[in-house]
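Look at the sequence and the structure first.

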Amino acid sequence: MGRLFWKIFLCFWATLLLVGGAVGIIVWLQNSKRINELELLVNNPRAEMGVAAIANALRYGGEAAVKEIQNNQKSRHIHNRPVQRVLIVNDNDQDLLGRPVPKATIERARLALNTPEQGATQQVVSPSGKRYTLFVPQTMSRPFRRTAFSAPPSLP
């Protein structure tokens, strides 16, 4: 009778582990695509402010004003962090300053325009009549992401 108990007990736990693992893998597969799409764009108050500033410059000053602002920010750092770069993409998927932009990031930015919480993504028409999509892409190194154990930024 003792051997039968252990056989049933081990079969029960093996089944429980297999079902739990299968459910975990299914959930991970379902969410991995969505997580990757969400991580293509930065969506925080700092990025929203940067996009709004560039949008106003483009709206009222045109392409020349934006180029001037972006050229002045090339080497700037705020509190030892690089300034977030706002990409300005026209309808032909080309950045105003000629920077390379991944197609998936452009598509995600345009999808974000149609959501109620579009955040740090805007569409602007310049004085010349050209339409641009403005957004801040997530960088590969993810310098703005903090872990739960990292120290808060120091105040000046």
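## Strand pairing

Strand E3 (residues 87–90) pairs with E5 in the antiparallel sense, over 4 bridges. Strands pair here if DSSP finds at least two bridges between them. The strands (E, at least two residues) and helices (H or I, at least four) are DSSP runs, numbered from the N terminus. Ile-88 has Leu-134 as its bridge partner in E5.

This is a predicted model: local features need pLDDT of at least 70 and side-chain atom pairs count only at pLDDT 80 or more, while totals for chains, interfaces and linings use all residues. Residues are numbered from 1 along each chain as its sequence is written, and side-chain values use heavy atoms, with hydrogens and water left out.

E5 has another partner. Strand E4 (residues 121–125) pairs with E5 in the antiparallel sense over 5 bridges. In E5, Thr-133 stands opposite Gln-123, and Tyr-132 stands opposite Val-124.

## The sheet as a whole

In what order do the 3 strands form the sheet? The order is E3-E5-E4, in an open sheet with antiparallel pairing. E3 and E4 stand at the edges with a single partner strand each, so one side of each has no neighbour in the sheet. On average, neighbouring strands are turned by 25 degrees against each other, direction ignored. Axes are lines fitted to C-alpha atoms, for helices over the stretch in contact, and angles run from 0 to 180 degrees between N-to-C directions. Strands of a sheet pair through backbone hydrogen bonds, either parallel or antiparallel.

Why is strand E5 largely enclosed by the rest of the structure? It is because 4 of the 5 residues of E5 (residues 131–135) are buried. Buried means under 20% relative accessible area, exposed over 50%, and partly exposed in between (1.4 Å probe, protein chains only).

## Helices across the sheet

Helix H2 (residues 45–72) lies across E3, E4 and E5, at about 60 degrees to E4. Helix H3 (residues 103–113) also lies across E3, E4 and E5, and runs at about 100 degrees to E5.

## The E4–E5 hairpin

The hairpin of E4 and E5 has 5 residues between the strands. There, Gly-129 takes a positive phi near 95 degrees. Ser-126 is found in the loop between E4 and E5.

Ser-126 counts as buried, at 4% relative accessibility. Its side chain joins that of Ser-128 in a polar contact of 2.8 Å. A polar contact is a pair of N or O atoms within 3.5 Å; within protein, one must be able to donate a hydrogen and the other to accept it, and residues adjacent in sequence count only if both atoms are side-chain atoms. Neighbours within four places in sequence aside, Ser-126 is in contact (heavy atoms within 4.5 Å) with Leu-58, Glu-63 and Tyr-132.

## Asp-95 in its loop

Asp-95 lies in the loop between E3 and H3. Its relative accessible area is 8%, so Asp-95 is buried. A polar atom of its side chain lies 3.1 Å from the backbone nitrogen of Leu-97. The side chains of Asp-95 and Arg-99 are joined by a polar contact of 2.7 Å.
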